[in-house]
Amino acid sequence: MTKKTIKIGTRGSKLALWQAETVKSELEKAHPTLQFELKIIKTKGDKILDVALSKIGDKGLFTKEIEQALYDNKIDLAVHSLKDLPTELPENLIVGGMLKRADVRDVFISKDGRKLSEFTASDKIATSSLRRQAQLLHYKPDLQIVDIRGNVETRLKKMNDGHCDALIMAGAGILRLGYDEVITEFLDTDVMLPAVSQGAVAIEIREDDDYTQLLVDAVTDETTRATTLAERSLLRELEGGCQVPVGCFSEVNGDRIKLTGMVASLDGKIRIKKSVETTLDEASEKAIELAQLILDAGGKEILDSIRPSAVD
Ligand SMILES: NCc1[nH]cc(CCC(=O)O)c1CC(=O)O
């Protein structure tokens, strides 16, 4: 009898490949008698490189083609940065598991080694994220924010060519690619709340595929599962995708969690930040209450005013 090979779908970017290779090697360790294989799939987001992400307004930009391969049984599981997965997945697809989460913080990368606190009105900081833009302006209203796209190498090159004086990116991505030496500083979460699920690698599967679910359970970190599900439930309740200025931070202590959520206006003038403390078991339910607190405190007005322009 020939053994079935479990196929792992992934995008072809360096970060995606690192994540998929890591999932593959964790699965191989947990299931030494099984065969695993990577299958690289190109997505629309890999092809459109010249438009600001916040202007494309397509939540499944980096995922749709991979999910089609799941539906067609061409792959058994798909690996993504959990941050890039919409909170509502297509029918019959679920996040089956997550690897242990890496550092959740954003990093500041400046051309001349100055820290964010030393930046002034004449400095330009590049980011394509509304969350980062809003919080930078909240921290220092006169900073100049410019848009940027492309992978880490492209961004570093643009900075060195004079496009900007600094970049802000997810620390997890930089570390995974081995670019540790370009990091000027890790930003304190008081200044820059990370994105929902930042730093977590997700494994997407078909909901009715009990066999793959068992394989994935063996490599899933349960604390990461509980915290990221709570963060995603907060985001779902705020009805935001990755293109709204929403941030959050989970602090875990034993079986307790303090979950902080934030919505900011694009000009940074308003930043609504609230926390709840609860058990890991109840975190997802409490996250919904946290979202309501934020919406009631003015978050609703901010999100309503942003959504129409985010897609045009
Ligand atoms: N938005 C793109 C994206 N999706 C996942 C990561 C890095 C890894 C992670 O955040 O989990 C990044 C790069 C970034 O935001 O700088």
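Colleague: What makes up the shell around the ligand, class by class?

Modeller: In this predicted model, the shell has three nonpolar, four polar and two charged residues. The residues themselves are S81, K83, D84, M169, A170, A172, G173, Q198 and G199.

Colleague: How do you know that the ligand lies between two domains?

Modeller: Look at who gives residues to the shell. Domain 1 (1-100 + 199-220) and domain 2 (106-186) both do, so the ligand lies between them. The assignment also gives a domain 3, covering 222-312.

Colleague: How far apart are the centres of domain 1 and domain 2, and how many residues are in contact?

Modeller: Their centres, taken over C-alpha atoms, are separated by 28 Å. Nine residues of domain 1 are in contact with 11 residues of domain 2. On the domain 1 side, α1 (14-30) and α3 (53-56) are the elements that give two or more residues, and α1 gives the most, with three. By class, that side has five nonpolar, three polar and one charged residues.

Colleague: Now the whole chain. What does the radius of gyration say about a compact globule?

Modeller: For 312 residues, a compact globule would have a radius of gyration near 20 Å, and the protein chain has 19 Å, so the two agree. Along its principal axes, the C-alpha trace spans about 70 × 45 × 40 Å. The chain holds 10 helices and 13 strands, and 44% of its residues count as buried. Among contacts between residues at least 6 apart in sequence, 73% join residues at least 24 apart.

Colleague: Why is N73 called exposed?

Modeller: Count its neighbours: N73 has 10 C-beta neighbours inside 10 Å. Exposed means 12 or fewer, so N73 counts as exposed. You will find N73 in the loop between α4 (64-71) and β3 (77-81).

Colleague: And why are N92 and R149 called partly exposed?

Modeller: N92 has 13 C-beta neighbours inside 10 Å, so N92 counts as partly exposed. R149 has 15 other C-beta atoms within 10 Å, so R149 is partly exposed too. N92 sits in the loop between β3 and β4 (93-98), while R149 is in the loop between β7 (144-146) and α6 (152-160). R149 and S128 are 21 residues apart in sequence, and their C-alpha atoms are 6.7 Å apart in space.

Colleague: How do you know that the span of α9 is close to the expected one?

Modeller: Helix α9 (residues 222-238) has 17 residues. The expected span uses one less than that number, at 1.5 Å each, which gives 24 Å, and α9 reaches 24 Å from its first C-alpha to its last. Several residues of α9 are buried, among them T224, A226, R232 and L238.

Definitions and conventions:
Residues are numbered from 1 along each chain as its sequence is written. This is a predicted model: local features need pLDDT of at least 70, side-chain atom pairs count only at pLDDT 80 or more; totals for chains, interfaces and linings use all residues. A residue is near a molecule or strand if its C-beta atom, placed from the backbone, lies within 6 Å of it. Ala, Val, Leu, Ile, Met, Phe, Trp, Tyr, Cys and Pro count as nonpolar, Asp, Glu, Lys and Arg as charged, and the others, Gly among them, as polar. Domain bounds come from an automatic or database domain assignment. Helices (H or I, at least four residues) and strands (E, at least two) are DSSP runs, numbered from the N terminus. The radius of gyration is taken over C-alpha atoms; the globule rule is 2.2 Å times the number of residues to the power 0.38. A residue is buried if 20 or more other C-beta atoms lie within 10 Å of its own, exposed if 12 or fewer, and partly exposed in between; C-beta atoms are placed from the backbone. Two residues are in contact if their C-beta atoms, placed from the backbone, lie within 7 Å.
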